[in-house]
Amino acid sequence: LAAAEELSQEGVECEVIDPLTLLPLDTETLWASLRKTGRLVIVHEDTLTGGWGAEVAARAVEECLYSLDAPVRRVAAHDVPLPFAPVLEQAGVPSVERIKAAIREVAGAA
């Protein structure tokens with residue numbers, strides 16, 4: 001939400017969807033947004049490789065490929081074991097800056 005707020009001040013508007021459950025996944029809401037915006041950035045704290053965002057990305061491409069105006073981007077934790085120390089943990093999970101960079105990239109505002 002912080003990234004979306006900061007980007008709106010730059011003129012980049014975002015729809016933020018926070019699924020309440022992953023199973024069942026509310027694909028109807030997700031695909032409606034994707035078809036409207038032509039873009040999809042998936043943010044989650046799971047690892048990039050094998051994380052649930054990869055499943056959402058795969059389904060999005062299967063269902064909405066021709067609605068996409070830019071590649072699907074995933075912003076996730078780094079593919080390493082999550083550290084116990086809070087400072088290191090914060091370095092591993094998606095930051096507002098990483099999220100904003102991904103959104104700018106798919107929005108063509110990079």
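## Salt bridges in a predicted model

E15 is partly exposed, with a relative accessible area of 37% (partly exposed lies between buried, under 20%, and exposed, over 50%, using a 1.4 Å probe and protein chains only). The model is predicted, so local features need pLDDT of at least 70 and side-chain atom pairs count only at pLDDT 80 or more, while totals for chains, interfaces and linings use all residues. Residues are numbered from 1 along each chain as its sequence is written, and side-chain values use heavy atoms, with hydrogens and water left out. The structure holds seven salt bridges, a salt bridge being a side-chain nitrogen of Lys or Arg within 4 Å of a carboxyl oxygen of Asp or Glu.

**The pair E15 and K36**

- The side chains of E15 and K36 form a salt bridge, at 2.3 Å from N to O.
- Because E15 lies in the loop between α1 and α2 and K36 in helix α2, the pair ties together parts 21 residues apart in sequence (helices, H or I with at least four residues, and strands, E with at least two, are DSSP runs numbered from the N terminus).
- K36 is exposed, with a relative accessible area of 62%.

**Pairs that involve helix α5**

- E10 and R104 meet through their side chains in a salt bridge of 2.8 Å, N to O.
- This pair links distant parts of the chain, 94 residues apart, with E10 in the loop between α1 (2–8) and α2 (27–37) and R104 in helix α5 (residues 96–107).
- R73 forms a salt bridge with E105, and their closest N and O atoms are 3.3 Å apart.

**A network**

- E6, E97 and K100 are linked in a network of salt bridges.
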